Amino acid sequence: MSKNISIGLLGCGQVGTGLVKLLNQQRDFIERRTGLKLVIKHTLVRNPADKRAVKAPGLTKDINRILGDDSIDIVVELIGGLDPARAYIIKSLKAGKDVVTANKAVLAHHGREIFEAARLVNRQVYYEAAVCAGIPVIRSIKEGLLANHINLLMGILNGTTNYILTRMSEEKLSLADALKQAQQLGFAEPDPTSDVSGADTANKLCVLAALSFGIKVAPKDIYTEGIMGIELEDIKNADEFGYCIKLLAIAREVAHNKVELKVHPTMIPKKHPLAAVRNEFNALYLHGSAVGDMMFYGRGAGPLPTASAILADIIELGNQPAFVPTPCVGTTPDVHRGAYNWGDKKILPMAETVSEHYLRFPIIDKPGVIGKLATLLGRHNISIYGATAALVPTKKQLGNVRILTRPAKESQLKQALSEINRLAIMRGKATVIRIEE
Ligand SMILES: NC(=O)c1ccc[n+]([C@@H]2O[C@H](COP(=O)([O-])OP(=O)(O)OC[C@H]3O[C@@H](n4cnc5c(N)ncnc54)[C@H](OP(=O)(O)O)[C@@H]3O)[C@@H](O)[C@H]2O)c1
């Protein structure tokens, strides 16, 4: 006999609509495969009278219809943003309901509070869709890789920026034109700030780092640089040097209790597996102590891929016994909850991180310019392993010197650049892009 699972849906926008559609399509299939009969009972929206692409059951704008309904087992939060999403998640847990959310922002900013609230009332919060949407990275880290010590994560976690950088590289579009194209195709929001600034990627990195390293981290703790400073010139130069540019989220254990966490445009060799991730696709590359290198690839956004992850969470929760006993250390629920309050790992300050760099200096073309730059970099302990210079075709006296450095400390590079940027030969600020081999 099937087991009924009643769902309270918060939000019926892009993802909520996808969830209703997918559930309508797959309800019988899921029941046959899992023995669960999934039913959405109420749907919370701002404007219940609005015309919608799907028939959402029990439309309401009153959250208490859901919180006060004892027959609801699982609340699915698809409102987005911080508030009221945070308050509704916590109220749902206190009302005895498990929660599924796709909301990386609320988890990144309030994860600890939310998981602590769940622990206190013995309920669960599942969030597979919050990072890489349709690609099951959370479940893989949480369960499939439990026997591994993960010491590196590198992710292309934002489809909008990956689409823009791919179009710049393949069609030689300017950033502004590539962004316009992404908006026309629905890969970028009318206001793309959260994507292009790297904030969306940093939110996702918070969620992954907390889960993989048990580190206490908030978005403000993560060095975050978006893609707006990337020029076509840099994309072409990267190509000449054998690299491509991707917006990467990087989490690396650099010592027993120190983790480097950062989001920035990164030059990676064209032969790196992440270099093959084009357009709006997402990927997560990681290194586990037992499995070695591994990469997940797929669609990191869109109504159906996101709904696919949400339904998997609902099914997993629905399959658990009605009463979840307090979990022992090491069981799956504990890993899930404890991710936000484990251990004593610290974040390595950005100034102490070490990286190879691509530097571009816009200069006045005259003899001795490269020597001057090299001497100043050398004075700050920065070695060069490649340098080229080219004139700007339309302005004969102006040029660009492109330099690749050996590994150098961020603080030393910053000092060197602040001196170089003041030199009379400079015709603008230096561009810096960090390199990962
Ligand atoms: N879009 C994607 O591809 C994707 C992928 C992965 C994760 N996510 C995450 O999924 C979540 C939902 O994204 P979305 O793109 O579906 O958002 P969306 O299209 O903006 O939909 C938001 C929904 O929430 C409702 N809502 C907003 N504020 C509300 C409030 N104060 N009270 C009641 N209802 C409220 C809206 O009601 P009305 O319809 O009445 O306006 C709408 O139905 C976000 O956390 C997002 O980060 C999205």
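Predicted model: local features only at pLDDT ≥ 70, side-chain atom pairs only at ≥ 80, totals over all residues.
Me: What about its phi?
Reply: K172 has a positive phi of about 55°, although it is not a glycine. Most residues other than glycine have a negative phi.

Me: Which other residue has a positive phi without being glycine?
Reply: C132, with phi near 65°. C132 lies in the loop between β6 and α5 (137-144).

Me: Is C132 buried or exposed?
Reply: C132 is buried, because 30 other C-beta atoms lie within 10 Å.

Me: You mentioned α6. How many of its residues are buried?
Reply: Eleven of its 13 residues are buried, so α6 is mostly covered. Among them are Y163, I164 and L165.

Me: What do those buried residues pack against?
Reply: Their partners include β7 (150-156), α7 (175-184), α10 (232-241) and β11 (281-288). Contact means that two C-beta atoms, placed from the backbone, lie within 7 Å.

Me: How far apart are the ends of α6?
Reply: The end C-alpha atoms of α6 (residues 159-171) are 17 Å apart.

Me: Switching to strands. What is the order in the six-stranded sheet?
Reply: The order is β3-β2-β1-β4-β5-β6, in an open sheet with parallel pairing. Strands pair if DSSP finds at least two bridges between them.

Me: Which strands are at the edges?
Reply: β3 (59-60) and β6 (125-126). Each has a single partner strand, so one side of each is left without a neighbour in the sheet.

Me: How many bridges join β1 to β2?
Reply: Eight bridges join β1 (residues 3-10) to β2 (residues 36-44), and the two run parallel. For one, N4 has K37 in β2 as its bridge partner.

Me: Which helix packs on the sheet?
Reply: Helix α1 (residues 14-34), which touches β1, β2 and β4 (74-77). Its direction makes about 160° with that of β2. Axes are lines fitted to C-alpha atoms, for helices over the stretch in contact, and angles run from 0 to 180 degrees between N-to-C directions.

Me: And how do β11 and β12 run?
Reply: β11 and β12 (residues 292-299) run antiparallel, joined by eight bridges. A hairpin connects β11 to β12 through three residues. L286 has M294 in β12 as its bridge partner.

Me: New topic. How many residues surround the ligand?
Reply: 23, with G11, G13, V15, V45 and G80 the closest. A residue counts if its C-beta atom, placed from the backbone, lies within 6 Å of the molecule.

Me: What classes are they?
Reply: The shell has eleven nonpolar, nine polar and three charged residues. Nonpolar covers Ala, Val, Leu, Ile, Met, Phe, Trp, Tyr, Cys and Pro, charged covers Asp, Glu, Lys and Arg, and the others, Gly among them, are polar.

Me: Which element gives the largest share?
Reply: α1, with three residues.

Me: What does L78 touch?
Reply: Leaving aside neighbours within four places in sequence, its contacts include G11, G13, V15 and G16. L78 and G16 are 62 residues apart in sequence, yet 6.3 Å apart C-alpha to C-alpha.

Me: And A307, what is it in contact with?
Reply: Beyond neighbours within four places in sequence, A307 is in contact with V15, G18, L19 and L22. A307 is in helix α11 (residues 303-318). A307 counts as buried, because it has 28 C-beta neighbours inside 10 Å.

Me: Last one. Where is there a cis peptide bond?
Reply: Between D83 and P84, with omega about 15°. P84 is in the loop between β4 and α3 (85-94).

Notes. Residues numbered from 1 in each chain as written. Helix = DSSP H or I, 4+ residues; strand = E, 2+ residues; numbered from the N terminus. Expected span 1.5 Å × (residues − 1). Buried ≥ 20, exposed ≤ 12 C-beta atoms within 10 Å, placed from the backbone.
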